[in-house]
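I opened this entry to look up a few spots in the structure.

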Amino acid sequence: MVVKVVMVLCFLIFAPFVGGLVDGADRIISARMQRRKGPSILQPFYDLRKLFSKQLISVNNVQLFLNMSYLVILMIAGAMLFAGADLLMVLFILSTADMFLIMAASSDSSPYANMGAGREMVLMMAYEPLTLLVAVGFYLTTGSFHVETIINQPVSAVLWMPGLLIGFMFTAGIKFRKSPFDLSTSHHAHQEMVKGITTEMSGTALAIMTIAEYYEMILLLGIFFLFFVNSTWWSWIAALVICAVLYVFEILLDNVSARLKWNTVLFGCWIVTFVAGGLNILVLMLG
C-alpha cells in the first residue's frame, strides 16, 4: 500500500517536470534532425512561466473550467496506472479526458477551434478501437487487466503482443500530436487551421493544456512500459531504454512525414487495428 501511494505521489508531482524535459529533448532532437541548434532543454518551462505570467483572458466562462477538468481527469488516469489499478478503466478515463478537451475547443465561436474539435473526434474514432484491443491483449496474455499483475509476469507481454505494440505506436503518434497524425492541432507551424483546438487558448488556459499534455505523455509512455517489463529487475531498465527509443522513433516520423488527410488517418488506423491488432488477438485467443 505504501509503495502504491509513493508511486501515485511521484506521478502527480514529477510527471509534469519529466514531461517538460522530454518535450525539451524532443525539440533538441528535432532541431538536430533539421540541422539546427535548437533551444535549451528547459525551454518548455520558460514557456510555461511566460504563459502563467500573462493576464488571464478566457473567451467564455466555461473554457478554463473544461481545461482544468481535462487536466484533473488525466491526473486521475495516470495515478490509477501508477497505482497498479485496472488498465481498462485507465483507458476509459483517458477517453473521458479527451471529451473535455473537445468540449473546451467547441465552447467558443472560432471556426478554427471548432474544426480542430471535429478532427479530434475523428482521431478518437481512429484510435479508440486499437486502444481497447490493447487492454484485451494484456488480459488474454496475463489473465488480468490489473497493472500490478501485468508487471509481475515472468515473461514480458510484448512477446505475445507484437501486433498490438505496432498498433499502439500508431495510437501514440496521434496522442503525441506527431506527423502524419497531427490533424486537430500541432506543435509546429504547419497547420492550415492556425492552431486548431488550441487557437483560442492563451495564457493560463494554454498553460493548463500544456501541463495536461505532459501528464498524458508520461501516461502513454507508462503503457508502453507495460509491454516490456516483467518480474525481473533488469527488465525495468530495458523497458525504460526501449520506451526512449520508441519515442525517438516517433520524433523521427514526425520530422520526415507530411500530415495526412483525415480520411486517410481514419481508415489507415482501422486497417492497422483489424490487421495487426485483430490478428494478434486472434492468435492469443487460439493459443
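Is Ser235 buried or exposed? I looked it up in what is a predicted model. Ser235 has a relative accessible area of 1%, so I put it down as buried. I find this residue in helix H9. Leaving out residues up to four places away in sequence, I see Ser235 touch Phe228, Val229 and Asn230. I also checked Ser235 against Thr171. The two are 64 residues apart in sequence, and their C-alpha atoms lie 24 Å apart in space.

**Salt bridges**

I counted 8 salt bridges. I began with Lys175 and Asp98, whose side chains meet in one of them at 2.7 Å, N to O. Lys175 sits in helix H7 (residues 162-175) and Asp98 in helix H4 (residues 87-106), so this pair ties together parts that are 77 residues apart in sequence. Both Lys175 and Asp98 are buried.

Glu216 has 2% relative accessibility, so it counts as buried. Lys175 is buried because its relative accessible area is 9%, and the cut-off is under 20%.

Next I looked at Glu213 and Arg177. Their side chains form a salt bridge at 3.1 Å, N to O. Glu213 belongs to H8, while Arg177 is in the loop between H7 and H8, so placed that the pair links distant parts of the chain, 36 residues apart. I logged both Glu213 and Arg177 as buried.

**Helix H7**

I went back to H7 to check its length. With 14 residues at 1.5 Å a residue, H7 should span 20 Å, and its end C-alpha atoms are 20 Å apart, so the two agree.

How many residues of H7 are buried? I get 11 of its 14, so I call the helix mostly covered. Among them are Gly163, Gly167, Phe168, Met169, Thr171 and Lys175. The buried residues of H7 pack against H4, helix H5 (111-142), H8, H9 (233-256) and helix H10 (262-286). Arg177 follows H7, and I note its positive phi, near 60°.

**Nonpolar core**

Which residues touch the most other members of the largest nonpolar core? I list Leu87, Phe138, Phe224 and Phe227, out of 79 residues in that core. H8 gives the most to this core, with 18 residues. I followed the contacts of Leu87, not counting residues up to four places away in sequence. Leu87 touches Leu81, Ala135, Phe138, Phe145, Val147, Ile150, Ile223 and Leu226.

**Surface patch**

Last, I looked for nonpolar side chains on the surface. Met1, Val5, Leu9, Ile13, Phe14, Phe17 and Val18 form a nonpolar patch there, with about 720 Å² of accessible area together. I picked out Phe14, which is found in helix H1 (residues 2-33).

How values were computed. Residues numbered from 1 in each chain as written. Predicted model: local features only at pLDDT ≥ 70, side-chain atom pairs only at ≥ 80, totals over all residues. Heavy atoms only, no water. Salt bridge = Lys/Arg side-chain N within 4 Å of Asp/Glu carboxyl O. Helix = DSSP H or I, 4+ residues; strand = E, 2+ residues; numbered from the N terminus. Buried < 20%, exposed > 50% of the residue type's maximum accessible area, 1.4 Å probe, protein only. Expected span 1.5 Å × (residues − 1). Contact = heavy atoms within 4.5 Å. Patch = residues over 30% accessible without salt bridge, like charges linked within 9 Å, V, L, I, M, F, W, Y side chains within 5 Å. Areas by Shrake-Rupley, 256 points an atom, 1.4 Å probe, with all protein chains shown as cover. Core = buried A, V, L, I, M, F, W, Y, C linked by side-chain atoms within 4.5 Å.
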